[in-house]
Structures are given as structure tokens and as C-alpha cells.
Amino acid sequence: MSKLWNNYRYLILRRFTQIGILILFFGANAWGWKILEGNLSSSELFGIVPMSDPYAVLQMVAAGAVVASDLLIGVAVVALFYFLIGGRAFCSWVCPINMVTDSANYLRRVFDIDRAQITKQPITRNVRYWILGISLIVSAFMGIAAFEFVSPISMMHRGLVFGMGFGWAAIGMIFLFDLFVLKNGWCGHICPLGGFYSLLGKFSFIRVHHLEENCTLCMKCKVVCPEKQVLHMIGKESLPVLSGECTNCARCIEVCDDDALRFSIRDFIQNKKMGE
Amino acid sequence: MKKEALSDRRKFILNMARGVGYAAIGGFLWSAYLDDAKASPLILRPPAAIKEEDFLKTCIKCGLCVEACPYDTLMLAKPGDHRPIGTPYFIPRDIPCYMCEDIPCVPVCPSGALDESSVTVNGHLDINTADMGLAVIDENSCIAFWGIQCDACYRACPILGQAITVEYSKNERTGKHAFLKPVVHADACTGCGMCEHACVTEKPAIFILPREVAMGKAGSHYIKGWDKKDESRLKDAHAIHTTTNVSKRKAVDKLNSGLEGLLDE
Ligand code: SF4
Ligand code: SF4
Ligand code: SF4
Ligand code: SF4
């Protein structure tokens, strides 16, 4: 039992927050709860604290909208939180699509699809930054928040709170894409929101640290990591994971049986010494 | 000719160029889709919604207005609803806007897509100034226009007597009955859709359209001489001066020219 907890504690906590947040939003719409109203685009905590998706507002600004001060405060709250905590913590602890892509990834391992597709990944992980840029350009040209109109993240989240419609189709597509076409396809390559949070969380404080002296080179961490390029130091150097692309999902920490990975607060001075 | 290996710099530039190419194609396709997605003119928005074009930019699709509405009038468009995904709308035939006095849907909007000031009069919210759309009557299917008595829409209207009035006229066919025809007044109608909801015909004979769709525009060429205020529309009018070769000369010169020959004879 304790082994189970040890190996899955962060996964359990993550699912707990992800689903908990969904239930709170759902309850606000269905039963009038006043805890977390709205949805991931913009919401209110206890009817007081505004929270807004900074990337959505960025697109609105590009589209030429006059942004209300309520939204700007909401953006500040969210941006500051992820700036300090680690941008892509959103991805692994909040975003509902994460559950879809994680399960596709899990099935990939079960069916050994990874090994069947040994060819090099056909597209680069930088595509997300291109899409991020294009979304802002298209927003400016079309006068609407471009990604918000097609975002499967909002579609799924809104769908779970307000009713799904054909939203299942978009989610199904992502699932199949990640399962059969491209490993970590959506979250690791395409999603511009993930890209946005990667940039935002570049300097955040909560980091995964690697202790080289404990590492037995089993590489379990690299198997589970959805962004394994960030773990380039495994078995080589005792370094913190500094890339903003790390989602702080902590799967690496819990699969590591040798205690070579752990969370800690980023120490800027020490990092300097290690040649950041 | 010997082929030289591509330098790293050259490779980088070529890769960049390819990236830009893909990006441009993607951007075009994306824009085309968006253009299609936002071109649906028949959507009714919540009270106090700003101009559709600005609304699409401004609404962050949070659904706070939807949650605030006690009658479940408002919905967020889902994929498959044929409306810009995520934006709030309502279908009056199903659930109209009941014109809450305190308009709970409006102040909660964080983005300004619903503009509280547009429904505020002397510091108080006044739902009667809302402008969700305009009721339009199809006189062919409205049974009151057939001579059958019906005032369902008139009774249902929250601004009874102002937004809809009943016009009496003689029914020449029977000679002894009256027509009681409903008439919608654009200046008072809020577009709440209570009339459409109440209409007794199979498909409603009175229905709400967005104002830009429902209304025409006379322009400033026609002025109601009997209405002092109507002249104010003239401020939009502007004179058009066209200069052609003929109009450059005075009319008299034009008439006289060409007569020279005649006088000579
Ligand atoms: S990458 Fe995008 S879809 Fe994936 S978890 Fe992050 S925000 Fe969600
Ligand atoms: S490095 Fe660890 S915490 Fe970061 S994404 Fe990979 S598995 Fe998750
Ligand atoms: S005025 Fe009332 S009934 Fe109408 S949309 Fe707003 S909350 Fe709903
Ligand atoms: S509350 Fe405002 S921003 Fe939110 S869905 Fe309604 S109109 Fe859009």
C-alpha cells in the first residue's frame, strides 16, 4: 500500500486537483455553488478573486479588443501564480486534456507502440511556439481570439461544465493522434497554451532536481516524462530541470526508485555556480 | 560541379524559411475557418451585449453570464451548434429572456462584452433599455391578420402596450368583425423574445432577429417634414459635387455654343 502511494502520490494528487477543479466549476453551473464560477478562460474564486487565462487575453489584445480592468486583474493573478510556481504546472495539475493525453501515453506503453514507432519523431517540439506566434498574428488579422475559437482545451473544459456537443470529437482526435500518430503529440508538440506556459514558467521557483550520485541509470524517468528532452542531465550531472517545458508533473520523481529526483525550491545562486 | 555541404547557417536559414512557409499556409487555413465561423448573423446575444464584431473580440467565453441567468435562458455555443464556439446566445422560442429587473447576467461579465452602462439609466439598471434584437411579424402566418382573434404576443410582452400595440381595423370580409393586428414598435422592443415564446402558431409568426438584420435604413435623403426632430438626421447628409467636361462651363455658354454657325447664315 505504501509502495502504491510512494509510486503514485503525485499522480493521485494531480488527478485530485484536476477533477476537483472540474467538479467545483460544474457545481457552480449546475447547483449554483459560489466557490469557483466560470471556466478556465475566466473565473471567480469565492465570488471575489478574479482569474483569467493570460494567453486568451493576449489573443484578445492582439485582436484589438478593449480589455476590461477585471480581466487584467484576473490575468495578473494567474500569471503571477504560474510565474512563481512553474508555468506548466497548469498542464499537469489543472488542464483536463492532460488526462486524455496521459491515458493515450499510458496505452502507448501498454501496447508497446513506442517501440513499434522507432523512427524519429516527424515534427519538432518547437511547433507549439510557431502556433503560439501564428495565433497572435491570425487574431490580429481576423479580429477575434484565434486559438480560443478552436481550442480543444476550452472545448473540453467548457463541455464538461456546460455540455459537450460535438466536443467529444475534438477530444477523441487528440487521443487518437497521441496514441497512434505522434507520441506526446498534442501537449508536447502542438498546444500553444503549453508553449505559452513554458515561456512563462522559465524562471519559476519550484523545480525538479536531479542527484547524479543516486542515479542508477534505469531511465524509468525518461520513459514516463512527457517532455523528456528536459531530463538531459539524468545520470550525468546533478542539475535542476531548468527548462520551462517541464510540466512539474513529478512522474519522474515517483517512478524513481533510487531517490535521484526530488522537488525543491530553485536556488539561483547555486544554479549560477553550476553553470546555468 | 561539385556540391558543397550545406553550412549550418545555411541550413538554419533554410529551415527557418520552411517554417515560415508552413506557418503562412497554416495561418491562411486558420483564418479561412475563423472567417466562416464568425459569419453567422442570426445570433441573439445576452442583454447589453456590445456590437457583434466587438463582442466576438471581447467575450472571453467564461459562461459567467450563463451561470448568472436564473431561467437557463443563456447557453454557451458548443461544437455543433453552428455558432461561434463558446459564445453565449439564447433561443427565445425555447427559453426567452425574462427581463430580470436586476439583470444578473450583465454585471458578472468580466470582459466588458456585456456593457453595463448601456442598460443603466440615471445610475440604475433598466432592462427596458436592453437591445437584444427586434421582433418581426410575418403577417401571412399571424392568425390575427387573418381575422382570428389572438393577442398571445401582446399579452406576453413585458413592455405591454409600448413594444407591441394592437391596431383595430374593420374586417371587410365579414362586415361585422374587427381585425386586432399586433404591431411592433422598434423603439421600445428589447428583443427579449417573450412574444416569440408565446406565439400560438406552429412555427412562430412573430420572431426575434438581431437588429442589424431586422432593420432597414432610410438614409438622410428623406425627411419627415412634419417632424421637427427628424431634420437632425440631415447632419449625416453631404452634398456631392461632380465635375465633368460639360459642367465646367456655364450652362448659358453651353447653350450658346453651336449657334455660331446658324447666325452666320
Ligand atoms: S500542453 Fe496544452 S493541452 Fe496539454 S496539458 Fe498543457 S495546456 Fe493542456
Ligand atoms: S521532468 Fe519530471 S516533472 Fe518534469 S515533465 Fe518530466 S516527468 Fe514531469
Ligand atoms: S435578463 Fe434575466 S432572463 Fe434575461 S438573460 Fe439576463 S438573467 Fe437571463
Ligand atoms: S460573461 Fe461576458 S465574457 Fe463571459 S461568456 Fe458571458 S459575455 Fe462572454
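Select R211(B) and D131(B) to start: their side chains meet in a salt bridge at 2.4 Å, N to O (a salt bridge is a side-chain nitrogen of Lys or Arg within 4 Å of a carboxyl oxygen of Asp or Glu). The pair links distant parts of the chain, 80 residues apart: R211(B) is in helix α7 (residues 211–214) of chain B, and D131(B) is in the loop between β4 (124–125) and β5 (134–137) of chain B. Helices (H or I, at least four residues) and strands (E, at least two) are DSSP runs, numbered from the N terminus. R211(B) counts as buried at 16% relative accessibility, while D131(B) counts as partly exposed at 45%. Buried means under 20% relative accessible area, exposed over 50%, and partly exposed in between (1.4 Å probe, protein chains only).

This is a predicted model, in which local features need pLDDT of at least 70 and side-chain atom pairs count only at pLDDT 80 or more, while totals for chains, interfaces and linings use all residues. Residues are numbered from 1 along each chain as its sequence is written, chains are lettered from A and ligands numbered from 1 in the order in which they are written, and side-chain values use heavy atoms, with hydrogens and water left out.

Next, select E227(A) and R88(A). Their side chains form a salt bridge at 2.6 Å, N to O. E227(A) lies in the loop between α12 (220–224) and α13 (251–255) of chain A and R88(A) in the loop between α3 and α4 of chain A, so the pair ties together parts that are 139 residues apart in sequence. Both E227(A) and R88(A) are buried. Over all chains the count is 16 salt bridges.

Keep R88(A) and show ligand 1. Around the ligand are R88(A), F90(A), C91(A), C95(A), I97(A), N98(A), I153(A), W186(A), C187(A), C191(A), L193(A) and G194(A) (a residue is near a molecule if one of its heavy atoms lies within 4 Å of it). Two or more shell residues come from each of α4 (89–93), α5 (97–110), α10 (185–190) and α11 (192–200) of chain A.

Stay on α11(A), where eight of the nine residues are buried. Among the buried ones are L193(A), G194(A), F196(A) and Y197(A). The buried residues of α11(A) pack against α2, α3, α4, α7, α8 and α10 of chain A.

Ligand 2 is the next selection. Its surroundings include C225(A), C246(A), C249(A) and C252(A). For ligand 3, move to chain B, where C69(B), C97(B), C100(B) and C105(B) are among the residues around the ligand.

Finally, show both chains. In contact across the interface (heavy atoms within 4.5 Å) are 41 residues of chain A and 32 residues of chain B. The two chains bury about 3000 Å² between them, 72% of it on carbon and sulfur atoms; buried area is the accessible area (1.4 Å probe) that two parts lose on being put together, summed over both. Select W130(A), M142(A) and F149(A): in chain A these lose the most area to chain B, together 23% of what that side buries. Between chain A and chain B the count is zero salt bridges. On the side of chain A that touches chain B, the largest share, six residues, comes from α7(A).
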